[in-house]
Amino acid sequence: QSPQLDQLVEQALTDNRDRRAALARIRAARAAAGIADAARMPQVDAAGNYTRTVTTEASLSPLRGRSFDTFGLGFDMAWELDLFGRLARESEARAAEAVMAEADALAVTESLAAEVVTAYADLIGATQRRAATQARPMLAARTSSETASWATLAARMIAGGAMAKDTAAMTTMQRSEEHTSELQSPCNLVC
(Lines give C-alpha, C1' and ligand atoms only; values in the text may rest on other atoms or scores of the structure.)
Protein backbone atom coordinates (compact mmCIF):
# COMPACT_ATOMS: atom_id res chain seq x y z
CA GLN A 1 0.00 0.00 0.00
CA SER A 2 1.12 3.47 -0.86
CA PRO A 3 0.14 6.41 1.37
CA GLN A 4 0.16 8.63 -1.71
CA LEU A 5 -2.27 6.28 -3.49
CA ASP A 6 -4.52 6.19 -0.41
CA GLN A 7 -4.55 9.99 -0.35
CA LEU A 8 -5.39 10.19 -4.06
CA VAL A 9 -8.27 7.72 -3.71
CA GLU A 10 -9.63 9.57 -0.66
CA GLN A 11 -9.45 12.91 -2.48
CA ALA A 12 -11.20 11.48 -5.54
CA LEU A 13 -13.98 10.02 -3.39
CA THR A 14 -14.44 13.33 -1.58
CA ASP A 15 -14.44 15.54 -4.67
CA ASN A 16 -16.48 13.39 -7.08
CA ARG A 17 -19.91 14.80 -7.96
CA ASP A 18 -21.36 11.47 -9.08
CA ARG A 19 -20.55 9.93 -5.70
CA ARG A 20 -22.06 12.88 -3.82
CA ALA A 21 -25.22 12.58 -5.94
CA ALA A 22 -25.38 8.84 -5.22
CA LEU A 23 -25.08 9.51 -1.47
CA ALA A 24 -27.88 12.09 -1.73
CA ARG A 25 -30.06 9.50 -3.49
CA ILE A 26 -29.45 7.13 -0.57
CA ARG A 27 -30.68 9.74 1.90
CA ALA A 28 -33.76 10.48 -0.22
CA ALA A 29 -34.60 6.78 -0.63
CA ARG A 30 -34.24 6.18 3.11
CA ALA A 31 -36.54 9.12 3.85
CA ALA A 32 -39.14 7.77 1.39
CA ALA A 33 -38.90 4.35 3.04
CA GLY A 34 -39.49 5.98 6.44
CA ILE A 35 -42.58 7.78 5.13
CA ALA A 36 -43.93 4.55 3.64
CA ASP A 37 -43.41 2.76 6.97
CA ALA A 38 -45.17 5.59 8.81
CA ALA A 39 -48.28 5.11 6.66
CA ARG A 40 -48.71 1.66 8.21
CA MET A 41 -48.95 3.12 11.72
CA PRO A 42 -51.94 4.80 13.36
CA GLN A 43 -52.37 8.43 12.38
CA VAL A 44 -52.98 10.70 15.39
CA ASP A 45 -54.18 14.28 15.24
CA ALA A 46 -54.73 16.55 18.23
CA ALA A 47 -55.92 20.13 18.20
CA GLY A 48 -56.68 22.72 20.81
CA ASN A 49 -58.00 26.27 20.79
CA TYR A 50 -58.89 29.13 23.07
CA THR A 51 -61.14 32.09 22.37
CA ARG A 52 -61.91 35.12 24.54
CA THR A 53 -65.07 37.03 23.63
CA VAL A 54 -65.89 40.45 25.05
CA THR A 55 -69.28 42.06 24.39
CA THR A 56 -69.69 45.83 24.38
CA GLU A 57 -72.19 47.85 26.38
CA ALA A 58 -73.78 49.04 23.16
CA SER A 59 -74.78 45.57 22.03
CA LEU A 60 -78.37 44.49 22.15
CA SER A 61 -77.44 41.18 23.74
CA PRO A 62 -78.60 40.50 27.26
CA LEU A 63 -74.99 39.54 28.01
CA ARG A 64 -73.56 42.94 27.13
CA GLY A 65 -70.42 44.09 28.88
CA ARG A 66 -69.28 40.62 29.77
CA SER A 67 -66.35 38.49 28.64
CA PHE A 68 -66.43 34.80 27.85
CA ASP A 69 -63.61 32.28 27.60
CA THR A 70 -64.12 29.30 25.29
CA PHE A 71 -61.78 26.31 25.27
CA GLY A 72 -61.76 23.56 22.67
CA LEU A 73 -59.83 20.31 22.54
CA GLY A 74 -59.97 17.72 19.76
CA PHE A 75 -58.38 14.34 19.29
CA ASP A 76 -58.58 12.14 16.18
CA MET A 77 -57.01 8.78 15.52
CA ALA A 78 -57.16 6.78 12.29
CA TRP A 79 -55.57 3.53 11.26
CA GLU A 80 -55.84 2.16 7.77
CA LEU A 81 -56.17 -1.59 7.86
CA ASP A 82 -53.92 -3.13 5.26
CA LEU A 83 -56.39 -5.75 4.12
CA PHE A 84 -54.99 -6.19 0.63
CA GLY A 85 -51.31 -5.49 1.44
CA ARG A 86 -51.03 -2.17 -0.43
CA LEU A 87 -49.19 -0.44 2.41
CA ALA A 88 -46.89 -3.40 3.01
CA ARG A 89 -45.96 -3.60 -0.69
CA GLU A 90 -45.32 0.14 -0.83
CA SER A 91 -43.11 -0.08 2.25
CA GLU A 92 -41.19 -3.01 0.73
CA ALA A 93 -40.79 -1.15 -2.57
CA ARG A 94 -39.37 1.91 -0.84
CA ALA A 95 -36.98 -0.26 1.20
CA ALA A 96 -35.85 -1.96 -2.03
CA GLU A 97 -35.25 1.45 -3.62
CA ALA A 98 -33.08 2.39 -0.65
CA VAL A 99 -31.05 -0.82 -1.07
CA MET A 100 -30.67 -0.12 -4.81
CA ALA A 101 -29.47 3.42 -4.07
CA GLU A 102 -26.89 2.02 -1.63
CA ALA A 103 -25.71 -0.51 -4.24
CA ASP A 104 -25.48 2.26 -6.83
CA ALA A 105 -23.38 4.39 -4.49
CA LEU A 106 -21.12 1.43 -3.74
CA ALA A 107 -20.66 0.78 -7.47
CA VAL A 108 -19.79 4.43 -8.09
CA THR A 109 -17.32 4.38 -5.20
CA GLU A 110 -15.61 1.17 -6.32
CA SER A 111 -15.47 2.28 -9.96
CA LEU A 112 -13.93 5.62 -9.00
CA ALA A 113 -11.36 3.98 -6.72
CA ALA A 114 -10.49 1.47 -9.46
CA GLU A 115 -9.95 4.27 -11.98
CA VAL A 116 -7.61 6.09 -9.61
CA VAL A 117 -5.64 2.92 -8.83
CA THR A 118 -5.36 2.06 -12.55
CA ALA A 119 -4.10 5.54 -13.40
CA TYR A 120 -1.61 5.39 -10.52
CA ALA A 121 -0.35 1.95 -11.64
CA ASP A 122 0.02 3.20 -15.22
CA LEU A 123 2.05 6.16 -13.96
CA ILE A 124 4.33 3.94 -11.86
CA GLY A 125 4.80 1.53 -14.79
CA ALA A 126 5.68 4.37 -17.16
CA THR A 127 8.16 5.77 -14.64
CA GLN A 128 9.85 2.38 -14.25
CA ARG A 129 9.99 1.85 -18.03
CA ARG A 130 11.59 5.26 -18.45
CA ALA A 131 14.19 4.49 -15.76
CA ALA A 132 14.97 1.12 -17.35
CA THR A 133 15.31 2.71 -20.79
CA GLN A 134 17.71 5.31 -19.41
CA ALA A 135 19.76 2.55 -17.71
CA ARG A 136 20.24 0.52 -20.93
CA PRO A 137 23.07 2.61 -22.47
CA MET A 138 25.02 2.52 -19.19
CA LEU A 139 24.65 -1.26 -19.00
CA ALA A 140 25.73 -1.64 -22.63
CA ALA A 141 28.84 0.52 -22.09
CA ARG A 142 29.74 -1.38 -18.94
CA THR A 143 29.32 -4.73 -20.69
CA SER A 144 31.53 -3.76 -23.65
CA SER A 145 34.36 -2.51 -21.39
CA GLU A 146 34.17 -5.71 -19.31
CA THR A 147 34.32 -7.81 -22.47
CA ALA A 148 37.55 -6.06 -23.48
CA SER A 149 39.01 -6.69 -20.00
CA TRP A 150 38.01 -10.35 -20.20
CA ALA A 151 39.77 -10.68 -23.50
CA THR A 152 42.96 -9.15 -22.08
CA LEU A 153 42.95 -11.45 -19.02
CA ALA A 154 42.19 -14.51 -21.11
CA ALA A 155 45.11 -13.72 -23.42
CA ARG A 156 47.45 -13.36 -20.42
CA MET A 157 46.29 -16.65 -18.93
CA ILE A 158 46.79 -18.46 -22.23
CA ALA A 159 50.24 -16.93 -22.58
CA GLY A 160 50.97 -18.03 -19.00
CA GLY A 161 51.54 -14.54 -17.71
CA ALA A 162 48.56 -14.41 -15.37
CA MET A 163 49.42 -13.55 -11.82
CA ALA A 164 47.45 -13.84 -8.56
CA LYS A 165 46.15 -10.30 -8.92
CA ASP A 166 44.88 -11.15 -12.42
CA THR A 167 43.01 -14.17 -11.02
CA ALA A 168 41.42 -11.94 -8.35
CA ALA A 169 40.49 -9.42 -11.05
CA MET A 170 38.90 -12.22 -13.07
CA THR A 171 36.80 -13.28 -10.04
CA THR A 172 35.71 -9.69 -9.49
CA MET A 173 34.75 -9.38 -13.15
CA GLN A 174 32.73 -12.60 -12.96
CA ARG A 175 30.78 -11.19 -10.02
CA SER A 176 30.30 -7.94 -11.88
CA GLU A 177 29.03 -9.84 -14.93
CA GLU A 178 26.53 -11.75 -12.77
CA HIS A 179 25.30 -8.47 -11.30
CA THR A 180 25.00 -6.95 -14.79
CA SER A 181 22.92 -9.88 -16.03
CA GLU A 182 20.65 -9.51 -12.98
CA LEU A 183 20.17 -5.84 -13.83
CA GLN A 184 19.50 -6.55 -17.49
CA SER A 185 16.90 -9.25 -16.84
CA PRO A 186 14.31 -6.92 -15.17
CA CYS A 187 15.10 -4.35 -17.83
CA ASN A 188 14.17 -6.82 -20.57
CA LEU A 189 10.92 -7.67 -18.77
CA VAL A 190 9.87 -4.05 -18.22
CA CYS A 191 10.99 -2.57 -21.57
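Let's start with Thr109, which lies in helix 3. Keep in mind that this is a predicted model.

**Exercise 1.** Work out whether Thr109 is buried or exposed, and find what it touches beyond its neighbours within four places in sequence.

*Solution.* Start with the cut-off: buried means under 20% relative accessible area. Thr109 comes in at 17%, so it counts as buried. Next, look for contacts: leaving aside neighbours within four places in sequence, Thr109 is in contact with Leu13 and Arg19.

**Exercise 2.** Find the residues of the largest nonpolar core and the elements that give two or more residues to it.

*Solution.* First, pick out the 7 members: Leu5, Val9, Ala12, Leu13, Leu112, Val116 and Tyr120. Then place them: helix 1 (3-15) and helix 3 (86-159) each give two or more residues. Helix 1 has the largest share, with 4 residues. Now zoom in on Tyr120: not counting residues up to four places away in sequence, Tyr120 touches Ser2, Gln4, Leu5 and Leu8. There's also a second, separate core of 6 residues, among them Ala22, Ile26, Ala98 and Ala105.

**Exercise 3.** Take the salt bridges Arg25 with Asp104 and Arg86 with Glu90, and say where the partners sit in the chain.

*Solution.* Begin with Arg25 and Asp104, whose side chains meet at 2.9 Å, N to O. Arg25 is in helix 2 (residues 17-38) and Asp104 in helix 3, 79 residues apart, so this pair links distant parts of the chain. Now turn to Arg86 and Glu90, with their closest N and O atoms 3.6 Å apart. These two are 4 residues apart in helix 3, so about one helical turn separates them.

Notes
Residues numbered from 1 in each chain as written. Predicted model: local features only at pLDDT ≥ 70, side-chain atom pairs only at ≥ 80, totals over all residues. Heavy atoms only, no water. Core = buried A, V, L, I, M, F, W, Y, C linked by side-chain atoms within 4.5 Å. Buried < 20%, exposed > 50% of the residue type's maximum accessible area, 1.4 Å probe, protein only. Contact = heavy atoms within 4.5 Å. Salt bridge = Lys/Arg side-chain N within 4 Å of Asp/Glu carboxyl O.
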